[in-house]
Amino acid sequence: MSVHEQFAEDLALHALGVLQGAERIALEKHLEECASCRREVEQLRGDIALMALSTAGPTPPRRARQRLLEAVAREPRRTAAPAQRGWWTFVPWIAAAAMAVGLIALWLQNSDLQRRIAGLQDQSAQQLAELQRAREVVSTLTATEAMRVTLVAAKTPPQPQGKAIYVRDRSSLIFLASNFQPLPPQKAYELWLIPTNGAPIPAGVFKPDAHGSATVINPPLPKGVEAKAFAITVEPESGSSAPTMPILMIGAGE
Amino acid sequence: MPAAQRQALEMAYFEGLSHSEISAKTGEPLGTIKTRIRAGLLALRKAFAA
């Protein structure tokens with residue numbers, strides 16, 4: 001106890017690191033043997049460490065902050081080093097250029113299409129007008145209410161009459177009949193195209209109306225047949241593939 | 001903490017003076033300085049523990 005008391009003050013000095021000379025040697029020798037004194041030194045060192053926290057430290061001059069900021073401002077600015085350029089940095093440019101080229105191509109195509117549409121519209125309007133006229137012609141020819149007059153020499157009784165208009169290149173045929181005699185049921189008139197070579201070709205089956213009129217327009221015909229004449233026979237209602245004699249009417253082209 | 005204790009402690013810790021140097025500086029006996037330093041440390045411990 002008395003030994004510890006003797007060292008108690010030296011322990012504090014030792015912990016502060018200011019114990020010197022023979023006293024320090026004597027204390028260190030004692031500490032080697034005395035665990036409780038070692039613990040005490042450790043504890044005192046802890047207290048001293050806490051004491052370090054109790055100091056506020058020097059207060060920097062008020063201008064210090066301003067001076068530091070000014071120094072930072074004066075510091076030359078480092079300009080960013082130019083980035084390494086790899087081929088991939090050109091990818092966006094290439095893409096943009098490709099898009100621009102594509103846009104121009106699309107614009108050219110678009111204006112061309114618009115011109116063509118305008119042309120087609122004109123053409124279509126013209127065709128529509130022509131079609132209208134053609135329809136009027138056909139409807140006049142085929143109208144059931146149309147007045148059909150066959151003019152013959154005066155004082156001659158009206159005769160059955162057929163008029164065939166044939167365009168070989170288009171295989172187009174229009175036939176108008178007037179003053180035809182009525183037929184018994186299941187019978188019909190059949191028009192024949194008589195070619196320059198070969199057998200007569202069926203060119204439509206028709207029945208006259210109450211006034212003896214009938215029209216055949218564009219019957220199905222083989223292409224480009226040269227016609228020598230047209231003839232009419234009486235056939236069954238469904239038509240025949242070869243004419244049944246006798247030939248009632250015949251006419252040759254001029 | 002008494003001013004004398006604080007002064008002794010501060011001189012030892014912040015100025016790194018040995019107890020004999022403190023004694024010479026203040027004119028106090030060596031034993032008194034030692035006692036003051038220890039008493040000061042113990043007082044600090046008490047204060048921190050509180």
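**Exercise 1.** State how many helices and strands chain A has, and in which order they follow one another.

*Solution.* In this predicted model, chain A contains five helices and seven strands. Along the sequence, the pattern reads α-α-α-α-α-β-β-β-β-β-β-β.

**Exercise 2.** Classify the crossing of helix 2 and helix 3 of chain A, and describe their contact.

*Solution.* Step 1: the axes of helix 2 (residues 21-33) and helix 3 (residues 35-53) of chain A come within 6 Å and cross at roughly 115°. Step 2: angles of 65 to 115 degrees count as roughly perpendicular, so helix 2 of chain A is roughly perpendicular to helix 3 of chain A. Step 3: helix 2 of chain A contributes A:His30, A:Leu31, A:Glu32 and A:Glu33, which meet A:Ala35, A:Cys37, A:Arg38 and A:Val41 of helix 3 of chain A. Step 4: by class, these residues are four nonpolar, one polar and three charged.

**Exercise 3.** Classify the crossing of helix 1 and helix 3 of chain B.

*Solution.* Step 1: the axes of helix 1 (residues 3-13) and helix 3 (residues 30-49) of chain B come within 8 Å and cross at roughly 95°. Step 2: the two helices of chain B are therefore roughly perpendicular to each other. Step 3: their contact has nine nonpolar, two polar and one charged residues.

How values were computed. Residues are numbered from 1 along each chain as its sequence is written. Chains are lettered from A and ligands numbered from 1 in the order in which they are written. This is a predicted model: local features need pLDDT of at least 70, side-chain atom pairs count only at pLDDT 80 or more; totals for chains, interfaces and linings use all residues. Side-chain values use heavy atoms; hydrogens and water are left out. Helices (H or I, at least four residues) and strands (E, at least two) are DSSP runs, numbered from the N terminus. Axes are lines fitted to C-alpha atoms, for helices over the stretch in contact, and angles run from 0 to 180 degrees between N-to-C directions. Angles under 35 degrees count as roughly parallel, over 145 as roughly antiparallel, 65 to 115 as roughly perpendicular and the rest as oblique. Contact means heavy atoms within 4.5 Å. Ala, Val, Leu, Ile, Met, Phe, Trp, Tyr, Cys and Pro count as nonpolar, Asp, Glu, Lys and Arg as charged, and the others, Gly among them, as polar.
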